[in-house]
Amino acid sequence: MWSRAPLLVLPLLSSHATAHTFIWGVFVNGVDQGLFTGIRAPPYNAAPNAGGYANSPVKNLSSLDLRCNVMGDIQAPDTIKVSPGDNLTFDWHHDYRNDSDDIIASSHHGPSIVYLSPDPPGENTFVKIWEEGLYESNPFPQPGKWSTTGDIREKHGKMNVRVPAGLKAGFYLIRAEMIAFHEGEVAYTKNPRRGTQFYPNCVQIEVVGDGTVELPEGVSFPGAYKEEDPGIVYDIYCSTETRTIPTAPCTTTYPIPGPTVWSGAWAETTAVPLSPIKGDTTAYPWSTWIVNSVVTSGSFTDRKHVTVVGTSTYKASWSTTYQTPAPGTRRW
Ligand SMILES: *[C@@H]1O[C@H](CO)[C@@H](O)[C@H](O)[C@H]1NC(C)=O
Ligand SMILES: *[C@@H]1O[C@H](CO)[C@@H](O)[C@H](O)[C@H]1NC(C)=O
Ligand SMILES: *[C@@H]1O[C@H](CO)[C@@H](O)[C@H](O)[C@H]1NC(C)=O
């Protein structure tokens with residue numbers, strides 16, 4: 001297993017980013033907890049010469065990466081304290097954490113889904129607490145409205161969920177994801193260059209109080225999604241204006257994958273007023289990156305030239321018991 005070696009951060013590099021969407025911050029009842037606080041943000045996982053922050057989607061439904069993204073087993077150094085009934089707002093961004101950001105590419109139509117699990121997760125522990133899919137369907141060729149490119153993008157990346165009423169105190173992981181179908185009309189196993197793109201992100205929370213409600217049985221990640229499930233391989237272009245000749249059959253309904261939303265959750269959430277954000281609005285470039293489980297550390301001389309310091313193979317290792325996160329610096 002790759003150990004948490006100290007990582008060199010090179011903040012002087014340009015932050016020209018090739019990032020995909022991920023969660024940059026969490027607001028609790030409208031109060032920002034700070035850049036990446038409690039968030040297991042995905043690591044830099046592109047080739048080393050991009051010079052900015054980059055993360056790629058997860059496409060392999062059998063991979064552990066589908067749980068909390070690449071290196072999702074590595075804890076954030078801090079945990080967000082919440083109470084049952086608290087309103088949480090996840091702040092998804094692409095290149096930087098402000099309102100100029102495009103959040104997610106306009107082609108990346110798809111649903112958004114949020115699950116809650118005890119931390120650490122195990123077999124069948126992820127319980128769906130919120131979902132939003134194709135929320136406005138129009139006859140072809142008029143575009144429908146999708147959660148990722150409609151609602152979440154229009155709200156500048158804000159995704160609202162609520163801590164279930166009466167939830168028992170303890171440590172939990174929230175798994176929030178956006179799913180993008182721009183290449184999702186064919187299964188990844190049939191064409192690895194395409195396939196549905198998953199952007200899962202996990203947030204560490206500690207629920208406090210004297211709640212007594214336990215989570216019901218849920219689903220596993222990986223495991224919950226199968227290629228043949230409705231809503232996993234899906235031709236988005238029937239619901240958007242971007243294709244002139246629809247393929248048959250062209251459906252304008254969309255079944256959101258996974259189980260139904262738990263009856264104990266707040267399926268309807270509302271936006272709460274938000275405080276200004278705390279901390280930086282840009283993610284630092286990495287001096288460590290991971291591609292196909294190979295972790296490489298290096299030092300950059302400029303964007304395109306890097307001196308490799310060392311490499312190792314990374315294998316995710318999820319604990320079966322709760323571990324208090326080690327305080328310290330973030331992973332990048
Ligand atoms: C998908 O992930 C599984 C489990 O890690 C692995 O065995 C398989 O080789 C992966 N498939 C591809 C195409 O990478
Ligand atoms: C969460 O939002 C709901 C709906 O706006 C509101 O009624 C409730 O008081 C909020 N909860 C907290 C803890 O602020
Ligand atoms: C957002 O941040 C980017 C990068 O630092 C900057 O170019 C842009 O002007 C900022 N936009 C706003 C509205 O602050």
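Which backbone oxygen does the side chain of Lys 158 reach at 3.1 Å? The side chain of Lys 158 reaches that of His 156. This is a predicted model: local features need pLDDT of at least 70, side-chain atom pairs count only at pLDDT 80 or more, and totals for chains, interfaces and linings use all residues. Residues are numbered from 1 along each chain as its sequence is written, chains are lettered from A and ligands numbered from 1 in the order in which they are written, and side-chain values use heavy atoms, with hydrogens and water left out.

**Overall make-up**

- The protein has two helices and 15 strands. Helices (H or I, at least four residues) and strands (E, at least two) are DSSP runs, numbered from the N terminus.
- Of the 332 residues, 51% are buried. Buried means under 20% relative accessible area, exposed over 50%, and partly exposed in between (1.4 Å probe, protein chains only).
- The accessible surface of the protein is about 14,200 Å². Carbon and sulfur atoms hold 53% of that surface. Accessible areas come from the Shrake-Rupley method with a 1.4 Å probe; for residues, only the protein chains shown count as cover.
- Take the contacts between residues at least 6 apart in sequence: 77% of them join residues at least 24 apart. Contact means heavy atoms within 4.5 Å.

**Nonpolar cores**

- The largest nonpolar core has 39 residues. A nonpolar core is a set of buried Ala, Val, Leu, Ile, Met, Phe, Trp, Tyr and Cys residues joined through side-chain atoms within 4.5 Å.
- Phe 90, Trp 92, Val 114, Met 159, Val 203 and Ile 205 have the most contacts inside this core.
- Elements giving two or more residues to this core include strand E1 (22-28), strand E5 (87-93), strand E6 (112-118), strand E10 (158-162) and strand E12 (197-207).
- Beyond its neighbours within four places in sequence, Ile 205 is in contact with Thr 79, Ile 80, Val 82, Leu 116, Gly 170, Phe 171, Tyr 172 and Ile 174.
- A second, separate core has 20 residues, among them Leu 66, Ile 113, Ile 232 and Tyr 234.

**Buried polar side chains**

- Lys 158 sits in strand E10. Lys 158 counts as buried because its relative accessibility is 13%.
- The side chains of Lys 158 and Asp 91 form a polar contact of 3.0 Å. A polar contact is a pair of N or O atoms within 3.5 Å; within protein, one must be able to donate a hydrogen and the other to accept it, and residues adjacent in sequence count only if both atoms are side-chain atoms.
- Outside four places in sequence, the contacts of Lys 158 include Phe 27, Phe 90, Ile 152 and Leu 274.
- Thr 148 belongs to helix H2 (residues 147-154). Thr 148 counts as buried, since its relative accessibility is 0%.
- The side chain of Thr 148 reaches the backbone oxygen of His 108 at 2.7 Å. A polar atom of that side chain also lies 2.9 Å from the backbone nitrogen of Gly 110.

**Ligand surroundings**

- Around ligand 1 are Asn 60, Ser 62, Ser 63 and Tyr 188. Here a residue is near if one of its heavy atoms lies within 4 Å.
- A polar side-chain atom of Asn 60 is 2.3 Å from an oxygen atom of ligand 1. The protein covers 33% of the 360 Å² of accessible area that ligand 1 has on its own.
- Tyr 96, Asn 98, Ser 100 and Thr 282 surround ligand 3.
- A polar side-chain atom of Asn 98 lies 2.4 Å from an oxygen atom of ligand 3. An N or O atom in the side chain of Ser 100 is 2.6 Å from a nitrogen atom of ligand 3.
- Ligand 3 has 370 Å² of accessible area on its own, and the protein covers 41% of it.

**Backbone geometry**

- The peptide bond from Asp 119 to Pro 120 is cis, with omega near 0°. Pro 120 is in the loop between E6 and E7.
- The bond from Phe 221 to Pro 222 is also a cis peptide bond, with omega near 0°.
- Asn 29 has a positive phi, near 50°. Asn 29 is partly exposed, at a relative accessible area of 38%.
- Phe 36 has a positive phi, near 65°. Phe 36 counts as buried, at 3% relative accessibility.
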